[in-house]
Amino acid sequence: MVFKNLRAIREDNDIKQKDVAKYLNISQNTYSQYENGVIALTAEVLIKLADYYDVSVDYLLDRTDERKG
């Protein structure tokens with residue numbers, strides 16, 4: 001499953017995939033696969049990303065258009 005909000009929020013903040021990957025302590029390729037839905041996001045990664053972007057997990061999962069939950 002492709003998560004459009006995950007990519008959009010990164011691009012809206014002019015952040016490169018490699019920078020998010022470094023924060024998560026993963027490769028840029030792995031992060032790209034998360035954004036493209038090739039591999040599933042774990043709960044741990046979702047929480048870290050929600051904290052990083054200061055948004056709700058539901059927003060990252062495209063379950064709401066509201067950034068804060």
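This is a predicted model: local features need pLDDT of at least 70, side-chain atom pairs count only at pLDDT 80 or more; totals for chains, interfaces and linings use all residues.
Buried means under 20% relative accessible area, exposed over 50%, and partly exposed in between, with a 1.4 Å probe and protein chains only. Helices here are DSSP runs of H or I with at least four residues, numbered from the N terminus.

Look down the axis of α1. The arc is that of the directions from the helix axis to the C-beta atoms. An α-helix has 3.6 residues a turn, so residues three or four places apart point the same way.

Just after α1 comes D14, with a positive phi of about 50°.

Now α2. Its buried residues are Q17, V20, A21 and L24. They fall within an arc of 100° down the axis of α2, so they too line one face of the helix. K18 and K22 are exposed on the face turned away from that buried side. The cover over the buried residues of α2 includes α1, α3 and α4. N25 follows α2, and its phi is positive, near 65°.

Residues are numbered from 1 along each chain as its sequence is written. Local features need pLDDT of at least 70, side-chain atom pairs count only at pLDDT 80 or more, totals for chains, interfaces and linings use all residues, and side-chain values use heavy atoms, leaving out hydrogens and water.

Conventions:
Helices (H or I, at least four residues) and strands (E, at least two) are DSSP runs, numbered from the N terminus. Contact means heavy atoms within 4.5 Å.
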